[in-house]
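Work through these exercises with the sequence and the 3D view side by side. Try each task before you read its solution.

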Amino acid sequence: MANRRILRGQPVVRIEPKLDRNEPCWCGSGRKYKTCHMTIDAKIRQFALKGDIVPTRDLLKTEKDLEGIRKSSELNVAILDAVGDMIREGISTQEIDDLVVKMTKEGGGIAAPLNYEGYPKSVCTSVNEVVCHGIPDPDRILQNGDIINVDVSTILDGYFSDSSRMYIIGETTPEKKKLVEVTKECVELGLEQVKPWNYLGDMADVINTHAKENGYSVVVEIGGHGVGKEFHEEPFVSYITKPGTEMLMVPGMVFTIEPMINMGSADIYVDDTDGWTVYTEDGLPSAQWEITVAVKEDGHEVLTW
Ligand code: MF3
Ligand code: CO
C-alpha cells in the first residue's frame, strides 16, 4: 500500500522555544507575540509538560492559510455537488473522473490525486465492498443498488482541500442505506467533539462507539490527516482511539474526519494488481464520508461538507 495516511503513531512531543512578548509572532501575522499566539502557546506548553501530544507550530494555520484552504474547499465542494447532479445508473466511474478533470480545470485548480504516489486518476470512486482508493474505470458501470464513495481532493493556489460523499444509485437495500446513513452520523457526532483542548481520541471514540452500536466496524489502518499546504500532513487521525488520547486539538489545526465504516469485519486488503484499490476482506460493503474541519477558538469551522 502506498505510504499515505497509513496507521502510525503521533509525533513525539516537542516543547517549542519561548519567544519574548514583544517579538513578532512566529506565525508570520506581523503582530507582536503577546497579542498573537502567546496565550495559546502557554496553554499548549502546559499540556505538553504533562505528557500530552500537542501540535507543532507548523500545524497551526494562519488566517491567510485558512483563507487559502477555504477557497480551495469551495471548489472541492462545487465539484462534489456537480457529481451529485450527474451520477446515476448506467454511467461509468470514468465519467465521474472526466467531470472532475473538467471542473477542476475550469475552477483554476489541480486534481490532487493524479500522479500522487503514482495514483493514475484524478478522483477516487469506491463502489460497494471497495473501502477506498477505487480507480475510475470506463468498464465499471454503475448499477441500480450500488453505493459509491466519490473522494475529491483539490489544490488551488497551493492549498489542498479534501472531501468525499456517498451516493446511492437508484434504490438500494435497507441494509446498505443504513450503512451510508450511520456513517454520515458518525462524522456528525465526531464533528461535535472538535473544539480546542479536546483530544482527537474524544472524536474517534464517539465515531467508533456509534459504528459499533449499529453492528459495524471501523477501519484501523487508514485514517484521516492534517491538510493545508500538503495533501497529508500530521496528525494521523484514527477513528478507533480512546477519549483523552492522541493529539490535543488547538485553534489553527485543520484536519479531515473520514472514517471508513465496514458492514462486517474491519479487515481490509489491497488489490495486488493495481496496488491501490482497498477491499473489505469479507466482501461486505463499506462506506465513508469525509469533511475537512478547522479548530477555532470558539469551536470549529467546517470547510467542506
Ligand atoms: N482523498 C484521499 C484522502 O481522503 C486520498 C486519496 S490518495 C489517492 O485522503 F492517491 F488515492 F488519490
Ligand atoms: Co483525506
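## Exercise 1: Backbone exceptions

Asparagine 128 sits in the loop between strand S2 (124-127) and strand S3 (130-132). Keep in mind throughout that this is a predicted model.

**Task.** Then decide whether asparagine 128 is buried or exposed.

**Solution.** 

Step 1. Recall the background. Most residues other than glycine have a negative phi, and most peptide bonds are trans.

Step 2. Locate aspartate 157. It lies in the loop between strand S4 (147-156) and S5.

Step 3. Check accessibility. Buried means under 20% relative accessible area, and exposed means over 50%. Asparagine 128 has 11%, so it is buried. Aspartate 157 has 69%, so it counts as exposed.

**Task.** Which kind of peptide bond joins glutamate 234 and proline 235?

**Solution.** 

Step 1. Read omega. It is about -5°.

Step 2. Name the bond. It is cis.

Step 3. Proline 235 belongs to strand S8 (residues 233-237).

## Exercise 2: The cobalt site

**Task.** Which residues are the protein donors of the cobalt ion (ligand 2)? Why is the arrangement of donor atoms irregular?

**Solution.** 

Step 1. List the donors. They are Asp162 (OD), His225 (NE2), Glu258 (OE) and Glu290 (OE). Their distances from the cobalt ion run from 2.0 to 2.2 Å.

Step 2. Write the spacing. Along the sequence, the donor residues follow D-x62-H-x32-E-x31-E.

Step 3. Aspartate 162 is in strand S5 (residues 159-168), and glutamate 290 is in the loop between strand S13 (286-288) and strand S14 (291-296), so the pair ties together parts 128 residues apart in sequence.

Step 4. Recall the ideal. Six octahedral donors have ideal angles of 90 or 180 degrees.

Step 5. Read the angles. The 6 donor atoms around the cobalt ion subtend 54 to 159°, which makes the arrangement irregular.

Step 6. Check burial. Aspartate 162 has 2% relative accessibility, so it counts as buried. Glutamate 290 has 0%, so it is buried.

## Exercise 3: Two helices

**Task.** At roughly what angle do the axes of helix H2 and helix H3 cross? Which residues of H2 and H3 meet?

**Solution.** 

Step 1. Know what to look for. Two packed helices are described by the angle between their axes and the distance between the axes.

Step 2. Read both values. The axes of H2 (residues 63-86) and H3 (residues 93-106) come within 10 Å and cross at roughly 140°. The crossing is right-handed.

Step 3. List the contacts. From H2 come Leu75, Ala78, Ile79, Ala82, Val83 and Met86. From H3 come Glu95, Ile96, Leu99, Val100, Met103 and Thr104.

Step 4. Sort by class. The contact of H2 with H3 has 10 nonpolar, 1 polar and 1 charged residues.

## Exercise 4: Sequence versus space

**Task.** How many Å separate the C-alpha atoms of isoleucine 147 and methionine 166? Do the C-alpha step for asparagine 208 with valine 218, and for glutamate 301 with glycine 215.

**Solution.** 

Step 1. Take isoleucine 147, in strand S4. Methionine 166 is 19 residues away along the chain, and 6.8 Å separate the two C-alpha atoms. Leaving aside neighbours within four places in sequence, isoleucine 147 contacts residues including Ser126, Met166, Leu179 and Pro285. Its relative accessibility is 0%, so it counts as buried.

Step 2. Take asparagine 208, in helix H5. Valine 218 is 10 residues along the chain, with a C-alpha separation of 6.4 Å. Not counting residues up to four places away, asparagine 208 touches Val218, Tyr239 and Ile240. At 8% relative accessibility, asparagine 208 counts as buried.

Step 3. Take glutamate 301, in strand S15 (residues 299-304). Glycine 215 is 86 residues away in sequence and 31 Å away in space, C-alpha to C-alpha. Beyond neighbours within four places in sequence, the contacts of glutamate 301 are Arg70, Thr292, Val293, Ala294 and Lys296.

Conventions:
Residues are numbered from 1 along each chain as its sequence is written. Chains are lettered from A and ligands numbered from 1 in the order in which they are written. This is a predicted model: local features need pLDDT of at least 70, side-chain atom pairs count only at pLDDT 80 or more; totals for chains, interfaces and linings use all residues. Side-chain values use heavy atoms; hydrogens and water are left out. Donors are N, O and S atoms within 2.8 Å of the metal (3.2 Å for Na, K and Ca); water is not among the atoms, so sites may look incomplete. Four donors count as tetrahedral if all angles lie between 85 and 135 degrees; four count as square planar and six as octahedral if opposite donors are over 155 degrees apart and all others between 65 and 115; anything else is irregular. Helices (H or I, at least four residues) and strands (E, at least two) are DSSP runs, numbered from the N terminus. Buried means under 20% relative accessible area, exposed over 50%, partly exposed in between (1.4 Å probe, protein chains only). Axes are lines fitted to C-alpha atoms, for helices over the stretch in contact, and angles run from 0 to 180 degrees between N-to-C directions. A crossing is left-handed if the near helix is turned anticlockwise from the far one by less than a right angle, and right-handed if clockwise. Contact means heavy atoms within 4.5 Å. Ala, Val, Leu, Ile, Met, Phe, Trp, Tyr, Cys and Pro count as nonpolar, Asp, Glu, Lys and Arg as charged, and the others, Gly among them, as polar.
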